[in-house]
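Welcome, and please take a moment to look over the model below. We will walk through it together, one part at a time.

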2 protein chains.
Amino acid sequence: MNKTKRVTITDIARLAGVSPGAVSFALNGRPGVSEQTRKRILTIAEEHQWLPSSAARALGGAGAGVIGFAVNRSAGTLGAEAFFTDLIAGVQSALAEKRIAMQMVLVSSIEEEVATYRRWHSANQVDGVIVIDPRDDDPRFPVLRDLALPAVVLGSHASEEGHPATIWLDDSQVAHSLFDYLGALGHRSIAYVAGPAEFQHTRLRTEVLAGLGERGVRGEVIATDFSPAAASTAMRRLLSRLERPTAVVFDNDVMAIAGLRVAQEMGVPVPKDLSVASFDDSVVAGLVHPSITCITRDTFGLGAEAAAFLLEQIDAPEVLADRIGALPQLTVRESTAVPR
Amino acid sequence: MNKTKRVTITDIARLAGVSPGAVSFALNGRPGVSEQTRKRILTIAEEHQWLPSSAARALGGAGAGVIGFAVNRSAGTLGAEAFFTDLIAGVQSALAEKRIAMQMVLVSSIEEEVATYRRWHSANQVDGVIVIDPRDDDPRFPVLRDLALPAVVLGSHASEEGHPATIWLDDSQVAHSLFDYLGALGHRSIAYVAGPAEFQHTRLRTEVLAGLGERGVRGEVIATDFSPAAASTAMRRLLSRLERPTAVVFDNDVMAIAGLRVAQEMGVPVPKDLSVASFDDSVVAGLVHPSITCITRDTFGLGAEAAAFLLEQIDAPEVLADRIGALPQLTVRESTAVPR
DNA sequence: GGATGCAACTATAGCGATTTAGTAAAACGG
DNA sequence: CCGTTTTACTAAATCGCTATAGTTGCATCC
């Protein structure tokens, strides 16, 4: 593929009859050229559709104008979770007006994720990164600090000392608002069909459910891989028992919909004999019949907030103070009711 | 944010006691250094975690190692369509092993999209782009050709002369497989709740439906903005008439689910009194009750194919021949049946 | 044994921007 | 009116890497 010659600052300089340095001054609005010359240069640059080479700028030490997002999920599960699309859309909305792009890669392990950060840093390819799914003793944080790569973490945990700026998602509060609601309705046996146990939010939610024990609520956790198939299996097992739970809570909406279908197939009326709820909302959760009671989080807003926070963080000399993300709301719909 | 000093090729050269040029030869596997020296240099580079600066490489004329995807959708609707997430996931799967990143931006008009391509080209920021939603007399194609920016188009139209390489999605065949199926079941009055009329696939599907007229099928098209609310409204209107259609086809799965709910609310049994189908599949479409008959496209595979094709195109000296995307399949589920 | 060739390097220019140091001319001040 | 400051520039170095033109030392060959 033969490349068209690009218009460079030298071309503009030649056309304007000045030195490249003068053109740089003019284009970046800094002193060193007369107003008259500046206008002339700007006009010529405009006419020839000059645009700066981000490669050259990056080489010179300037920012790349790109933020990075390394997602540690299999390509298959990415599509299943509405969370990502919403988050990305939100990030984009905050970046679009600033002419900043988002670069995204899928990684298959946390080691690969760390390697990606190193590569991005060495190449000066991104100015900062968004990190999700924080863990205890997260190996990514020391690396990010060593690289001095600005980062914003989204997670259900306050950032510890030396960790990047974090937007804290108060997952225990979230868990309370849903489990307490079910408890208040009168449910005394609640099953929680969760994701993998290593996720912080899974652990937090599990703790909250266990905490309801003292109020006479029997909680039960089933770990899955987030797939609808695993949710169906779990639901089928739960409903085949003599002692059925009266409420089942799923970690996300797709799993809840899968669970709902199993209940219908097995002739268990929802919400009459069984309440169903989800920790994740989506458009579809409100459209199925019965519509599903969910924790509604403004994921789009969260993405926008994260991106804005990251841009601040990139400009700031120090690690900024943590923030608290907008508190998710409980959206009560048709799938939950007082147990029989 | 103070930056850590990066390890450069010069550092490695100093440590190995050779010139930077020799290091470059060694690292890129080209002749000019002895095997012994090459090994020594590679070891040192490894030890010091040297990684090439893509900015410097790009400046030197090499590729950026990034492909671009400008999406002309509002941030809000991005999340609603599973298509994008699946496509992006597929693209990523094809890029990941090649260490190539995808850069994505949202644009709000085709002009802005063109401007983005110009910017990307001037900055040598991306090596190629994926283009979706082709139009007649598409203004993007001449620009891409002028810039000699490699591109792959995904669309329901053969590429015309001078257009970028295209993966052709045979939408009229797709439309046939669904509408013909409904016709064969015995439906004689079919409503098609479509997206905006300017999309080529909307037009093609509309034409196919109209073509069924000669076989005694009365078709009807309702244009919407792809939103579930619009789908609900359309469905409510259709079912309030004296002469109801016996089948309603939606452009995507979320709309179909919204329509399904309206039918249930209005007491119209699906599929007994009304068949419902969708031109877009998703996990959820198979999980709702009744599950929805859909055209199932391997969007993930399409994304992977598009990315692979684009990489080929980037390496190729000329515009490659068009390809035909994998043919979507009709997935018959519970929501369609013989009309009463 | 001197010309030739080859291997294994080094030196250097260049990519496109920024940035600092340097310079000439104009403006200013006492 | 001469010294100083300011203005408006130019020249040159720099970023990290690649590529091309040299430059050695050593083996080869008639």
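Predicted model: local features only at pLDDT ≥ 70, side-chain atom pairs only at ≥ 80, totals over all residues.

The largest share, 5 residues, comes from α2(A). By class, this surface divides into 13 nonpolar, 12 polar and 2 charged residues.

Now turn to the other strand. Around DNA strand D there are 26 residues, of which Ser19(A), Gly21(A), Ile9(B), Gly21(B) and Ala56(B) come nearest. At least two residues of this surface are supplied by each of α2 (20-27) of chain A, α2 (20-27) of chain B and α4 (54-59) of chain B. Here α2(B) provides the largest share, with 4 residues. The surface near DNA strand D is made up of 12 nonpolar, 12 polar and 2 charged residues.

Let us stay with α2(B) and see how it packs. Two packed helices are described by the angle between their axes and the distance between the axes. The axis of helix α1 (residues 9-16) of chain B comes within 8 Å of the axis of α2(B), and the two cross at roughly 100°. Angles of 65 to 115 degrees count as roughly perpendicular, and α1(B) and α2(B) are therefore roughly perpendicular to each other. On the α1(B) side, Ile9(B), Thr10(B), Ile12(B), Ala13(B) and Ala16(B) take part, and they meet Pro20(B), Ala22(B), Val23(B) and Ser24(B) of α2(B). This contact has 7 nonpolar and 2 polar residues, with no charged ones. Ile9(B), one of the residues in this contact, is also among those that come nearest to DNA strand D.

Next, consider how the two protein chains meet. In all, 59 residues of chain B are in contact with 58 residues of chain A. On the chain B side, the elements that give two or more residues are α4, α5 (75-80), α6 (82-96), β2 (101-106), α7, α8, α12 (253-265) and α13 (299-315). Of these, α6(B) makes the largest contribution, 9 residues. The side of chain B that touches chain A has 36 nonpolar, 16 polar and 7 charged residues.

A pair of strands also links the chains. Strand β2 (residues 101-106) of chain A is joined to β2(B) by 3 bridges, and the two run antiparallel. Within this pairing, Met102(A) stands opposite Met104(B).

The same surface serves both copies, as 98% of the contact residues of chain B recur in chain A.

The axes of helix α7 (residues 110-122) and helix α8 (residues 140-147) of chain B come within 10 Å and cross at roughly 5°. Angles under 35 degrees count as roughly parallel, and α7(B) and α8(B) are therefore roughly parallel to each other. Their contact has 6 nonpolar, 1 polar and 3 charged residues.

Finally, look at the sheets. In chain B, 6 strands form an open sheet of mixed pairing in the order β7-β6-β8-β9-β10-β12. Its edge strands are β7 (218-223) and β12 (329-331), each of which pairs on one side only. The twist from one strand to the next averages 20°. Strand β6 (residues 189-194) of chain B runs parallel to β7(B), and 6 bridges join them. In this pair, Ile222(B) in β7(B) is the bridge partner of Val193(B). Chain A also has an open sheet of 6 strands, in the order β7-β6-β8-β9-β10-β12. There, 3 bridges join strand β10 (residues 293-296) to β12(A), and these strands run antiparallel.

How values were computed
Residues numbered from 1 in each chain as written. Chains lettered and ligands numbered in written order. Axes fitted to C-alpha atoms, helices over the stretch in contact; angles between N-to-C directions. Parallel < 35°, antiparallel > 145°, perpendicular 65-115°, else oblique. Nonpolar A, V, L, I, M, F, W, Y, C, P; charged D, E, K, R; others polar. Near = placed C-beta within 6 Å. Pairing = 2+ DSSP bridges. Contact = placed C-beta atoms within 7 Å.
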